[in-house]
Amino acid sequence: MTMNLDKQGFDGPVAWDTPGTRSALHRWTAWNLAKSLGWVALWVGALYLTLLLPVAAVVPMVFVLFAITVLASRALSRLAKGVRMRRILAVYPWRQQPGAVRINKGKAVFVLPDPDKPETTVSLKLAAGLFRSWTHEALKDYDEELWYAGDPRFACVVAKPGLRGLSCLAQPTAYNYRTSPRRKGISPEARQRARAIGARVAD
């Protein structure tokens, strides 16, 4: 696999044109689609069971249905991130960054160099999910040799060596319209790339 070892540069082939990237995203999509369909099927089954149960058993089943609804919604939302990941991979090359993981009270943060100011860093949070906190052991492969494509000031696709464990991390200011978009310290080239992935950038 051809990697761009310049942590700040954007030279070289974009990640989407790098061997192995497309199949990795296809596997990620297939796995998350299967999980989403599984949660939806479980919800339908639980609803059918609720209709068959006595009235006294309906109340606890309502809580079960609610929990399954939340999990199914999260799975579908995660699946939708595949479109964003595809756009990022088509704009940025893969880069490497060992020792990027920081764990604080069960919350994971990836610390990556600022492309326009290599002497400074930018942090991206990794969501832990329901009832789970991160540990160094859980993120060991990411920490030893993190592969990432993107700009940490906006959004990145991260992966373990071998393009395993794909995930999309984004700054709230990049896609959340309730926040103010990033304005300062961004080169014209970085603005152009950010807009190409659909991220919000102030003029």
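Me: Which backbone oxygen does the side chain of Arg200 reach?
Reply: The side chain of Arg200 reaches the backbone oxygen of Thr179, at 2.8 Å. The model is predicted, so local features need pLDDT of at least 70 and side-chain atom pairs count only at pLDDT 80 or more, while totals for chains, interfaces and linings use all residues. Residues are numbered from 1 along each chain as its sequence is written, and side-chain values use heavy atoms, with hydrogens and water left out.

Me: Where is Arg200 found?
Reply: Arg200 is found in the segment after helix H5 (188–196). Helices (H or I, at least four residues) and strands (E, at least two) are DSSP runs, numbered from the N terminus.

Me: Is Arg200 buried or exposed?
Reply: Arg200 counts as buried because its relative accessibility is 14%. Buried means under 20% relative accessible area, exposed over 50%, and partly exposed in between (1.4 Å probe, protein chains only).

Me: Let us turn to strands. How many bridges join S2 to S3?
Reply: Strand S2 (residues 101–104) and strand S3 (residues 107–114) are joined by 4 bridges and run antiparallel. Two strands pair if DSSP finds at least two bridges between them.

Me: Which residues stand opposite each other there?
Reply: Arg102 stands opposite Val109 in S3, and Ile103 stands opposite Ala108 in S3.

Me: What phi does Lys105 take in that hairpin?
Reply: Lys105 takes a positive phi near 55 degrees, in a hairpin with 2 residues between S2 and S3.

Me: How many bridges does S3 have with S4?
Reply: S3 pairs with strand S4 (residues 117–126) over 7 bridges, in the antiparallel sense. These two strands form a hairpin with 2 residues between them, and Phe110 stands opposite Leu124 in S4.

Me: Why is S3 largely enclosed?
Reply: 7 of the 8 residues of S3 are buried, so S3 is largely enclosed by the rest of the structure.

Me: Now the helices. At what angle do the axes of H1 and H2 cross?
Reply: The axes of helix H1 (residues 21–52) and helix H2 (residues 58–89) cross at roughly 160 degrees and come within 9 Å. That makes H1 roughly antiparallel to H2, a term for angles over 145 degrees.

Me: Which residue classes make up the contact of H1 with H2?
Reply: The contact has 20 nonpolar, 7 polar and 3 charged residues.

Note on methods
Axes are lines fitted to C-alpha atoms, for helices over the stretch in contact, and angles run from 0 to 180 degrees between N-to-C directions. Angles under 35 degrees count as roughly parallel, over 145 as roughly antiparallel, 65 to 115 as roughly perpendicular and the rest as oblique. Ala, Val, Leu, Ile, Met, Phe, Trp, Tyr, Cys and Pro count as nonpolar, Asp, Glu, Lys and Arg as charged, and the others, Gly among them, as polar. A polar contact is a pair of N or O atoms within 3.5 Å; within protein, one must be able to donate a hydrogen and the other to accept it, and residues adjacent in sequence count only if both atoms are side-chain atoms.
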